[in-house]
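Please open the structure in your viewer and keep the selection tool at hand.

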Amino acid sequence: MAMTQSHSSRPALFRTWLRFFLLLALLTWGLRLLASALMAPEGLWPTAWWWGLRFDLAIAALLAGLTVLVIWPLARLLPRLPRRGWLAPVTAILLFAHLGDWLYWQETGRHVGYEASELMNSAGSLGGMLMAQWPYLIAILALLGLVALVPWSHASARRQGLRPELAMLVVIASTVLIVRGGISGVPQSPDDALRLGEPEAATAALNGAYAALHGLQRGKDHRLEPMVLDDMSEQEARRRLDALYPDTSPSAAPSEARPVNVIVVLLESWASEFMQPLEDGRAVTPRFAALAAQGLGTRNMITGGRRTTEGMFSLFCSYQNPPGETIAQTGLAMRDYACLPELLNHAGWQSAFFQGSHENTSGTGAFAQSLGFQASFGKEAIDERSLPENYWGVYDRDLYQFVLNNMDAMAEPMLVGINTNTTHDTSVPEGVDRLIDSDGRQAGIRNTLYMADADLGRFVEDLEARDWRHPWLVVLVSDHTSRVEGTILERSRLPFALYAPGLVEPGTPARTPHQRDVAPTVAELLGLPMPTAMGHSLLDPSAPQLAEYHQAGTLGWVMEESVVEFSLRDPSQQRCFDWRPPAGPGPQRACAAQEQEAVRDAYALTQQAQDALFSGMTQRLAPRARHTTDLRAQVAGRKTP
């Protein structure tokens, strides 16, 4: 009889998963409620708390699913199965992850997420920290005792057949759907918290346990490590940095920001190398050339990175990327960099970022919002299309039309960021004019450039035809280069044009510009302070020549009439050549004493910039920023009239 009783019920797997999921969700939701009340800045607490529900549900679904996955084979193999205690192990993981993250946040002001893979290296220290928090440990043990009493849901053992397996498939599907955050092509990650546009709010929204477990599954290989730059003493590096950035008091600025609409077009993968006319004289990008001639333009801007997110950090935040790396989708992205979009938000601009590819490929959409863009859109939001997709997404023609439609609903002044997509690929759709009648790779590169250039010209014409309330300007600049098979310098040259009718006189920059110079230039036109920028306004004739590029451990430093390249691992490995744009670079030659001294300056700048980046002190790198005690208060005081 006892044996019959033991066989009278079995776990109902889906109902068990649902019960465990709801309990864990309520538990982690409550824990984050307590944490958010302290983490979130004033005025952002409700938003940050509700936004973070997606992470609460994801971690709860994952842990409940893993528990049921363990129960399923045991229920099939064993004649007897305890009904209680199954939820205790994953609840312990959840509670201790929350506690560990909370302690880490108290120490560092950020989640443990991307450092989670290193926790085992400090297991002893972490254990000591946890033991010191004995009141929390008692509370955790009490909660575990209560959770251990929760049983699995039972079902009749008669005529089960394959029902447990079918229920398990439903459990797996439900778990995957919630953990991914929906059925979209790109699963959610801790970086989605950056969409709130405020580093403090993102910290409050992110579930600490979710961030920690996500960091563990990414592993050590995905954690951003600072490059070792110890070839120069701290004293010499600081002295050289101060010489590169003279310590001058900030000049008087207008009391109000100048209301100008700003459109920044990131020309996906455009490389100056491919914009040269063909052998028969035909222009590859005639519309860009015309706009550059009517504004401030060059094809010799120096890139700040090799990926879209690296270009965005350099362009909008005017700061040096980690050499060969991006801060997007890492813990560094959670920090505050006083980027141009954020400053414009505080000054009253409405902003949005648009992409022709998937909105969050490589974390780009979330990264844009972390820099201050209020909204982000990708190809999945573009319903009206006149052309088929390429391998990455919609062509620029459809992207520009989508942007124009959305601009109609935006208030002026506005900041619009656009990451194009036609040149992400090398294919031109049927019915579109080609520059070269060939299917070869080189022809495809120039044909897509030619098509993208034509659509860009039409987009600017549409901007000119709009009934603007305030003046407007458009920045055309490549996010990075691609497919260039040449020297590092050739792979680092970008097109740039600032077309601002009535605001900027036509001309060429007086020096070789860097991507970092774009944000300070726009900020000057708008009358806003940006003292933390590493770049300088291109409208300032007295600004120094500061432009460097990097690839695979080699740093190139651009001087007035020459370029020196050297190894960051061994700065004594140097090569020099003459270069004064628009002429091409000369042959390699021996480095002169002036260039050897420039290597020391370049090394000092990189060492100090990287130290400030990884220590969270970027806003105090340039001496001019040390005069600014509260940048946001200054910007907020310059609201547009």
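**A guided tour**

Begin with residues 166-183, whose end C-alpha atoms lie 21 Å apart; this span is 83% helix and 0% strand. Helices (H or I, at least four residues) and strands (E, at least two) are DSSP runs, numbered from the N terminus. The model is predicted, and local features need pLDDT of at least 70, side-chain atom pairs count only at pLDDT 80 or more, and totals for chains, interfaces and linings use all residues. Residues are numbered from 1 along each chain as its sequence is written, and side-chain values use heavy atoms, with hydrogens and water left out.

Select residues 49-74 next: the span is 96% helix and 0% strand, and its end C-alpha atoms lie 38 Å apart.

Now move to strands β12 (residues 562-567) and β13 (residues 574-578), which pair in the antiparallel sense over 5 bridges; two strands pair if DSSP finds at least two bridges between them. With 6 residues between them, β12 and β13 form a hairpin. Serine 562 stands opposite aspartate 578 in β13.

Continue to strand β14 (residues 588-589), an antiparallel partner of β13 over 2 bridges. Here, cysteine 576 stands opposite arginine 589.

Finally, display the whole protein chain, which has 20 helices and 14 strands. Of its 641 residues, 56% count as buried (under 20% relative accessible area, with a 1.4 Å probe and protein chains only).

Methods. Buried means under 20% relative accessible area, exposed over 50%, partly exposed in between (1.4 Å probe, protein chains only).
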